[in-house]
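User: Hi! I have a structure open and would like to walk through it with you. Could you help me read it?

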Amino acid sequence: MTSILFFFLFIMLALNLPVFMALIVSTATVLTCFTSITPGIILQRMFAGIDKFSLMAVPFFIFAANVMNQGGLAPRILDFTNALVGHKRGGLAYTVVLTCMFLGAVSGSSPATVVAICSLMLPVMEQSGYSRGFSVGLIMAASSVAVIIPPSIGMIVYGTVTGTSIGELFLAGFFPGIIYGTAFMLYSAYYTRKHNVPLRPQATSEHRWNSFKSSGWALIIPILIIGSIYGGFCTPTESAGIVSVYAIFVSCFIYRELSFKELVNVAYESAIGTAQVMIILAGASVFSWLLTRLQIPATLAKVLNSVAQSQIMVLLVINIILLISGMFLDPASIQTIMSPLFLPSAVQFGVHPVHLGIIMVVNGAIGMFTPPFGLNLFVAAGVTKISLSELMKDVWIWILISFIALFLITYIPQISMVLPDLLFKK
């Protein structure tokens, strides 16, 4: 029955049905044709899957991200990072990666980061001697760091599904996000030296100071999120609400680039974005429930234990499964479906739940630009008007580089655990 379930799922995906429809239709088909369970349970399980307090942080973070993106955040952060490193060899590439990390720390939205960076940086990079393929590939890959740098919707979903502390997951995501972004910067340094990309003029001290002052209000947001959570003042959900109010204040009254009418439009777009995330979570939740009813977690645990006799092998198998899943599913679906399957076996072999969560989030980030269904590919195609087939050719080197970062994050758990261990050490 399990094979039939996954067969229907892949058929639906191959027919280009939306992911949530593929999950729901495949579940409904198996329930109707092969069990005596009434299909009405699907609606109940969908609602139960999203009826969780911690998921209230999702719409707040989406709204805050859209407010700041429309309110002048991206250009200011981009100008600041360019003033810091733009004059170095590969400086524009470094600027892209660092800006993606800053925007990730503000929004947690990889597609939003692709849109912001593509429109601002792609013409400049091409004029400065970078090839179009390299530039677009870097933007698609580097934008996925937003999935890792907290606040991360993937971390919220994983924490909600597994009962792991979302605060600890946020803290654990910092160094992996830095490692992930640094891997792209190192390759960029190699590329610019190999192709002799010309240097750009160095920014003056006055320009650096002015760009820092201009972007300072935006740079406070990551501090506000982490400080409010770990200062014990509020939960991640409450922190998301505070950040939303702060984003409105900065965009409307400090930067003054967002009118009331535009704010209403941003709220409308955020509602649509929230609905898209929530319906996927609901579909993934009912699919995950059926997997549990079919005792797939227990079966998978036995298979992993029989195939992999060590922590190294268990993590290798988990990564392979997650990377393949990321080619077809979005990070939220992967977290909802796969987390309950992998957690028991991983914990049995000594993997900390927080470390496993970071591994899963990094795999989800890689899936954002992995063919054939990586969302960043479709977003970049829409923004740049480059065909998907051409984008897929440009992205493979970045996928290989991300594998190196994934390997380090997977097998050096201290990268993820050093900050949670310091703060939550008993």
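User: Which residues of H8 are buried?

Analyst: The buried residues of H8 are Phe134, Ser135, Val136, Gly137, Leu138, Ile139, Met140, Ala141, Ala142 and Ser143. Buried means under 20% relative accessible area, exposed means over 50%, and partly exposed is in between (1.4 Å probe, protein chains only). Before we go on, this is a predicted model, where local features need pLDDT of at least 70, side-chain atom pairs count only at pLDDT 80 or more, and totals for chains, interfaces and linings use all residues. Residues are numbered from 1 along each chain as its sequence is written, and side-chain values use heavy atoms, with hydrogens and water left out.

User: Why is H8 described as largely enclosed?

Analyst: Because ten of its twelve residues are buried, H8 is largely enclosed by the rest of the structure. This helix covers residues 132-143 and reaches 16 Å from its first C-alpha to its last, close to the 16 Å expected at 1.5 Å a residue. The expected span is 1.5 Å times one less than the number of residues in the helix.

User: How many helices and strands are in the chain?

Analyst: The chain has 21 helices and zero strands. Its radius of gyration is 21 Å, close to the 22 Å that the globule rule gives for 426 residues, so the chain is as compact as a globular protein of that length. That radius is taken over C-alpha atoms, and the globule rule is 2.2 Å times the number of residues to the power 0.38. Helices (H or I, at least four residues) and strands (E, at least two) are DSSP runs, numbered from the N terminus.

User: What share of the chain's residues count as buried?

Analyst: That is 55% of the 426 residues. Leu31 sits in helix H2, residues 19-34. Leu31 and Leu291 are 260 residues apart in sequence and 11 Å apart in space, C-alpha to C-alpha.

User: New topic: where is the kink in H20 centred?

Analyst: On Val395, and the kink is about 35°. The bend at a residue is the angle between axes fitted to the seven residues ending there and the seven starting there. H20 runs over residues 388-411 and spans 33 Å from its first C-alpha to its last, close to the 34 Å expected. Val395 is also among the buried residues of H20, which include Leu391, Trp398 and Ile399.

User: Which residues form the nonpolar patch on the surface?

Analyst: Trp217, Ile220, Phe249, Phe253 and Ile254 form it, with about 460 Å² of accessible area together. Areas come from the Shrake-Rupley method with a 1.4 Å probe, and for residues only the protein chains shown count as cover. H13 gives the largest share, three residues. Phe253 lies in H13 and counts as exposed at 55% relative accessibility.

User: Last one: what is the phi of Arg256?

Analyst: Arg256 has a positive phi of about 55°, although it is not a glycine. Most residues other than glycine have a negative phi. Arg256 lies in the loop between helix H13 (236-254) and helix H14 (260-293), and is exposed, with a relative accessible area of 68%. Lys385 has a positive phi too, of about 65°. Lys385 is in the loop between helix H19 (375-384) and H20, and counts as exposed at 70% relative accessibility.

Terms used
Patches are made of residues with over 30% relative accessible area and no salt bridge: like charges are joined within 9 Å, nonpolar side chains (Val, Leu, Ile, Met, Phe, Trp, Tyr) within 5 Å. A salt bridge is a side-chain nitrogen of Lys or Arg within 4 Å of a carboxyl oxygen of Asp or Glu.
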